[in-house]
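Take a look at the chain below. Keep it in view while you read.

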Amino acid sequence: LNDVPWQASPDAWWGINNITWADPVVPLYLTKARWGLDPQTVDNSNYQTHVVPVEFGEVVDIVVINNGAGSIPELHPFHLHGHRFWVVAQGQLPYRPAERPPVYNLEDPPLKDTLAVRTGDYAILRFVADNPGMWHFHCHLIVHMRVGIQMVFNVAEERQPSPPASYFAAQSYDGAMCPQ
């Protein structure tokens, strides 16, 4: 996948913000995406471990657009870890807010952690970043995650606990020491 230019790859269009997810080689909780990324993706803006920093208490709107890019009609159940979101607007494409502003429901929007968005539709999801952590946002279909529809919100990094020092110490497995 990574040796094919993203514009020529059918998988490259499976992503968020034109970024196809690449798994880090070290857990993000440990590195906050500063190191441990797949070396093949570091210089490729379209294949990467997509991490977005978010300040504590920030109100975040996520605009999910399922244009399908010529694919068959299907649902993408988008799921957010660590938070629930309000569905503040939904509609049919095209999504052109300057020409046709979305109708927002701020009185009684549904509160969810997963929302299915079908081909040809958009949804605007809103959450308050009040739970520090590295929180995954992705299509809940495993095959779609595998081809790149996922990202992470790094919420309030300064408030996240550091891993205990024992995590980095040598670990014993069946009597053998793990190299440092």
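The model is predicted: local features need pLDDT of at least 70, side-chain atom pairs count only at pLDDT 80 or more, and totals for chains, interfaces and linings use all residues. Residues are numbered from 1 along each chain as its sequence is written, and side-chain values use heavy atoms, with hydrogens and water left out.

## The sheet

Helices (H or I, at least four residues) and strands (E, at least two) are DSSP runs, numbered from the N terminus. Two strands pair if DSSP finds at least two bridges between them. Strands of a sheet pair through backbone hydrogen bonds, either parallel or antiparallel.

Here, an open sheet of 4 strands has the order β4-β9-β6-β7, and its pairing is antiparallel. The edges are β4 (59–66) and β7. Each has a single partner strand, so one side of each is left without a neighbour in the sheet. Strands β6 and β9 run antiparallel and are joined by 6 bridges. Val87, for example, has Leu125 in β9 as its bridge partner.

## Salt bridges

Side chains of opposite charge can pair when their charged atoms come close. A salt bridge is a side-chain nitrogen of Lys or Arg within 4 Å of a carboxyl oxygen of Asp or Glu. The structure holds 2 salt bridges.

| Salt bridge | Closest N and O atoms |
|---|---|
| Arg126 and Asp61 | 2.6 Å apart |
| Asp121 and Arg118 | 2.7 Å apart |

Arg126 is partly exposed at 21%, and Asp61 is partly exposed at 35%.

## Aromatic rings

Rings of Phe, Tyr and Trp (its six-membered ring) pair if their centres lie within 6.5 Å; planes under 30 degrees apart count as stacked, over 60 as edge-to-face and the rest as tilted. There are 4 aromatic pairs in the structure.

Take Phe78 and Phe137. Their ring centres are 5.5 Å apart and their planes are at 20°, so the pair is stacked. Phe78 is in strand β5 (residues 75–80) and Phe137 in strand β10 (residues 133–139), so the two are 59 residues apart. Phe78 is buried at 7% relative accessibility, and Phe137 is buried at 2%.

Phe127 and Phe153 have ring centres 5.3 Å apart and planes at 65°, so this pair is edge-to-face. Phe127 lies in strand β9 (residues 121–128) and Phe153 in strand β11, so the pair ties together parts that are 26 residues apart in sequence. Phe127 is buried at 0%, and Phe153 is buried at 6%. Ring pairs link Phe78, Phe127, Phe137 and Phe153 into a cluster.

## Two backbone details

Most residues other than glycine have a negative phi, and most peptide bonds are trans.

Which peptide bond is cis? The bond from Leu93 to Pro94 is, with omega near 10°. Pro94 sits in the loop between β6 (85–92) and β7 (111–112).

Ala156 has a positive phi, near 50°. Its place is the loop between β11 (150–155) and α3 (165–168). Ala156 is buried, with a relative accessible area of 0%.

How values were computed:
Buried < 20%, exposed > 50% of the residue type's maximum accessible area, 1.4 Å probe, protein only.
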